[in-house]
Structure formats: C-alpha cells, structure tokens
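I opened the model to look up a few items and kept notes as I went. The entries below follow the order of looking.

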Amino acid sequence: MIFELRREETSLRERDSIRNIKGVGQKAESLYAKLGIYTIGDLLAHYPRQYDVYKPVQPVSEAVDGNVIVLDVSLAAKPKISYVRNLKIVSCTMRDSSGSIPVSWFNMPYLLRSLKMGTHYLLRGKVISKRGRLMLQQPKMLQYEEYRSMLYRLQPLYPLTAGLTNNAIKKAVDQALSQAELDAEFLPLDMRKKYNLVLHKKALQDIHFPSKEADFFAARNRLVFEEFFLFTLAMHQMKQNRHQKPSDYILHPGDKVFALLENLPYELTEGQKQAVDEIAADVSSGFVMNRLIQGDVGSGKTIVAQIALLIAVEQGHQGAIMVPTEVLAEQHYETFCEMFDPLQVRVGLLTGSMTAAAKRDMQAQIAAGEIDIVVGTQALIQDKVEYKDLAMIVTDEQHRFGVRQRESFYAKGHTPHMLVMSATPIPRTLAIILYGELDISVIKGLPKGRLPTQNCVVDTGYRPQSYRFIEKEVEKGHQAYVICPMVEESENMEAENVTDYAQTLREEMSTKIRIEVLHGKMKPAQKNEIMERFVSGAIDVLVSTTVIEVGINVPNATVMMVENAERFGLAQLHQLRGRVGRGSAQSYCIFMMGKPSKETKQRLQVLEQSNDGFLVAEEDLKLRGPGDLFGIRQSGDLNFKLADIYQDAAILKQANEAAAGFERTDIIEMCKKYQGLREKIQTYTDEIFL
C-alpha cells in the first residue's frame, strides 16, 4: 500500500505543468514556454526535428566535406596551441592507415596535456573544407564502450531556444515518458489492425527514442495517422452540418461590379472568369457559399476576392478579408482603397499593431456599418470586433489559418458567404479531403503580361556567379531574396547560418548594395519594419528564412536564390518561388544544392522545368520516399505537428477512409470515454460540440 501511494504521488499526467518534471524550475519553465511547452503533454508532443545517427568508423580517405564522420586515429605529430583574439586553439594532425587530416579544438587547452603520441582516439565530427583542405573542427572524443552503445542508435535533435539545450529536453522527455500516465488508447483495435498502427504509448516512446529506423517509421506512421484521423473527423462533421445551409443573403452582381470589370486595365483570364461565375451562382442560390479558390502563386486570386466582396457591398452589406501578415494587410488595404474609392466603397484596416485608440475607432465604425469592406489580420476575429451586417468573408492564404479561425470568422456574421483562397498547390485528390466542406474552384495560368520565372539548379561552385548575377539585377533597379533554411547553426544541421550569411554577402558584394536579414525569431514589430522597408525599396537584398513564403508582394523583386534547396519540399520551394515574378520584368530563381546527389538533382529539376504548381505538387508526391523527412515536416500546412500532406498523402487517405464511418454521436461518446480527446479534436474545430 505504501509503495502504491508513493508511485501515485510521483506519476505525471499529460495535463500537469512542465514544472512537475524534476529539474525544471521557474527559469526553465519560461524557456519551455517560448517553445509553446506548458504541460507534460506539450513536452511529449515536442517531436524531434531530426535524428543524429552514430555510424561505423570510416577511414580518413573517405572524409567528405559536410559529412559527419567517426574516425579511429592517432597523432601524426605533437599538438600545438595558438591564440587568435580570445580563442585558444589546440590543433594537430591525426592519421590512420589511409591518410591524415588536420583537427582543431577551440578553448580546450587541457587537450594539449591529454593527447599522447601512440594512443588511438575515436573522434566524431563534421568534415569542413578550409582553404581547399578537409579538416575536423571541434570533434567529440568518444570512449570505445560509449561509442559501441550508441552505434546505429537514433539520437533525437529537438527544436531549441536560447538557454535550453538538447540534452535538457532529452532528459525531461525521458522522465515524462517513464513517469507519465498517458491518455488511454482511443483508436479501436480493428482500426489499428487494419492500418497496421502501433499503440499510442509505444508511438510516443519510439518517436523520441527509436532504437532502430523501423521503430521510428512505425511510430511516425501512428502519430501522423492520429493527426489526420482527428482532423478528418472534424472535417466530415463540418461538411454534414454546413451542407446546403440556407443563407439570408441572396446576392447578384450589380452596376458597380460591371463598372469595375469594364475599368480594369487588363482582361481577366479564363480561370478567373470561371471562378467569378461560380461565386455569382453560389451567392444567388439562397444557400451559404463555402468555396475554395485554389490558384497557383501569381494567378490573380485577389481580384476574384475583390469582386466577391463588391457583390455583397453593392447590395448594402459588409465584407471582410483576413490575411496572414500585417504587411500584406496594409498592401491589400492600399490596393482596395485605390480600386474602390471611385465606386464610393468605404474600406477600413484593422491589425494587431494598431494603437488601442485606432482599434477602438475602427471597431466602432465597423459596428456602426460605416465601413463597407474591412481588411485585416486575425484582429478581425477578436471578441471585441462586431459587424453590423457581415455578408461576405474571405480568408487569404488559407493554409496559414486553422479551421478554428475560419469558424470564428464565420460566427461574426449571420449565415455569411465564405470564400477561402490558397496558393498552396495541393493535388485535387488531397484538396477534396483537406477542404472537404468546401466547393473548389481552380485558377490556372498567369495573368496577361506576366513572364514565367526562369529557373536553374546549381551546386555551390556557382555561388560566385550567382552573386554577380544578383548584383547586376540590383544595378538595374531590381531587388532580390536569398533564402536560408535556418537562423542559427545547430548540431549536425548542414545549413547556412542566416545572420552570418548576410555578413558574408556584405563582404562579397558592392558596399552600395543594401542587405538586411529577416527570420522567424525576430519580434513581430521588427519583422514588419524589415518587410515594409523591402516593399518600399529601401532594401536591395533580403536574406531570409521561409518567413517570406507568404505575406509580401514585391513586384520589383526579380531574383530569388535558395541555399540548401535540397532541405525543402518541392511544394514549399514553389511557394517561395512565388515571391518573384510578380511584376512585368523577367524574374529568376536559383536553387543552390548544398549536398548535390543524383536524387537531389532529379527532384529539383522538376522546378527547373516547370512553373506549374499543381504539376510540381504531383511530382512531389511521386518523388518523396518514406525516409526523406526522418521526422521533419516541410510543408507547414494547417495545424499538424508532425504530419505532412505531401509526404504522408497515403496516410491522409487512410485516415479519411477511417473517419468517414463515424457519426456525430460516435464522436461524442468517444470524447466522453477518452479524456483529452475532445481537446485534440477541438484543435481543428468547435463545431461538432455546438
């Protein structure tokens, strides 16, 4: 009895605070909060971004630039110490029977005494090329027994924040897994058998600490299925609840719509015309419109949204459009004002960074019906915002908003029509599942006057020529993006350091060229300020992570260079490429391979040969193998933590098939039986519990 009580006292529950983990104090708690980790459940869902695998010893002669290698070597000569600024550098040459390699350690002067001639050492580190010669910098010195125990084991590498080490997270996760009372298994046995799914508890253990690759894949398969299953459950319920819902707004295009179309400086494409016709049919049908406009980057979705909003406004109602970033909201606001002022349509702007007084004033105008169309960010769906007569709502860049945000937006009106837009090139078979409650319109082709982007795939040997090319474009008055996969160097991540990269670029390029950095760790105000300066032309070259994938429209940007392009999925690279080619000038995209291989080149050549996002998406599905990501998500869609709609398309279809057989009452009963399930489904929508 005593021992049972003690076990109960030390056990953890998924909803317990992260402070219940031994060694997590107030300071660590605040660091975990920066990663969105507040509870034990949050910690267990903080999946590794990738894995470090200890491989067999290799001869020195097989060292390759950029690879992590294990060497069994001895000293070729006595080590030396040198001083560079504040650094103490111990350097030596190590050798085996196949050759020799220079090795250096920073600020580890004690090694000078411990390194002995005639002794063998196991060194593990990343091979780098310096002045044309391969070397090891800061390798880890391993004990033979320690190395044998680690051989072939997958060591988790977690997303980090400054002050929180990978080892600290590993220890916390290990403790949580050993002590936590995990939520009960909720997938029925027959479903687990049919789709070959391991138990939830085993999946959590093996996603963090897989003993072999097969365990990792089985764990990932289960957790991905789980995410898709809960998502598609919510989607099926939404479709049943929303299908053919009567609307109070029966709308028809009027004089202002026809005046707008007549005064456009260009003719709509056939795809745009068809989308407008489908919207007009929906809003005049007497039922609520729920339509997705799926158009490739630069296909002209915004004008379609403007026409939809004008149809509602012309008949005395209100419209609103929600976009993912403040810079894009401000750009849309200016464009809408220019287009709608001659038609006496009143346009407002509402974003999170506005002053409290400005927000209150705009909210009052919206509530009073003094604003016809409001453009904004998620500030549009805050509790304080009330609309007088909201008949048409639009969400732009749909994949950046979860279903819950869409639902909150819908609840701001009384049976309003809804139009959602996405530039994510999702194959139609997947789009029908992901947006199952929506009718789908597809806009293909570019507006007249747009030139297709010219693409090339090169290795790092072409970097100097690429820099010169960017300089020439800047001299012509254009701008450029350089995209890097990450902000800071992390252990075993062969990727460019954004901040250091920008400094290198400043040294390589003319001092007249204005170069700035943009990345996700910046504060929102700082990001907005950088993007606004780029939009205004005050920055020539923007070195950025993928935060620019969505959110700014700079027609003057004509070049994009993507470093380590092999680290991105094709669909994401296509999204990035969409930031250029938005003006009348010829645009270019350079995909730089950090680690060239036959497979990498084959995959990237899909982008080199086609600007069609839908074709790229289909090829992406064909070319990705099951081990390509090894736990890393590349597509950033919706609210999934681990699942990737391209990588895991087959699992998505299985989960959708499994969810299709569940009725509303089945789901409610499941939620009563399994604590925590309701919250997991509510990640996607509240609707099934209304």
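**Notebook: strands, a helix and cysteines**

I looked up Ile393 and found it opposite Met418 in β17. The model is a predicted one, where local features need pLDDT of at least 70, side-chain atom pairs count only at pLDDT 80 or more, and totals for chains, interfaces and linings use all residues. Residues are numbered from 1 along each chain as its sequence is written, and side-chain values use heavy atoms, with hydrogens and water left out.

Strands here are DSSP runs of E with at least two residues, helices are runs of H or I with at least four, and both are numbered from the N terminus. Two strands pair if DSSP finds at least two bridges between them. In general, strands of a sheet pair through backbone hydrogen bonds, either parallel or antiparallel.

I then read off the order of this open sheet of seven strands, β14-β15-β13-β16-β17-β12-β18, with parallel pairing. β14 (347-350) and β18 (439-443) are at the edges with a single partner strand each, so one side of each has no neighbour in the sheet. Neighbouring strands of this sheet are turned by 20 degrees against each other on average, direction ignored. For such angles, axes are lines fitted to C-alpha atoms, for helices over the stretch in contact, and angles run from 0 to 180 degrees between N-to-C directions.

**Entry: the six-stranded sheet**

I found an open sheet of six strands, ordered β19-β24-β23-β20-β22-β21, with parallel pairing. Its edge strands, β19 (454-459) and β21 (515-518), each pair on one side only. From one strand to the next the twist averages 20 degrees.

I checked β20 (residues 479-483) against β23 (residues 557-562): they run parallel and are joined by five bridges. Val482 has Met561 in β23 as its bridge partner. Helix α21 (residues 598-609) packs on the sheet and touches β19 and β24 (588-593), its direction making about 160 degrees with that of β19. Contact means heavy atoms within 4.5 Å.

**Entry: cysteines**

How many disulfides does a search of the whole structure find? I got zero, a disulfide being a pair of cysteine sulfur atoms within 2.5 Å. Cys92 is buried at 7% relative accessibility, and Cys337 is buried at 15%. Buried means under 20% relative accessible area, exposed over 50%, and partly exposed in between (1.4 Å probe, protein chains only).
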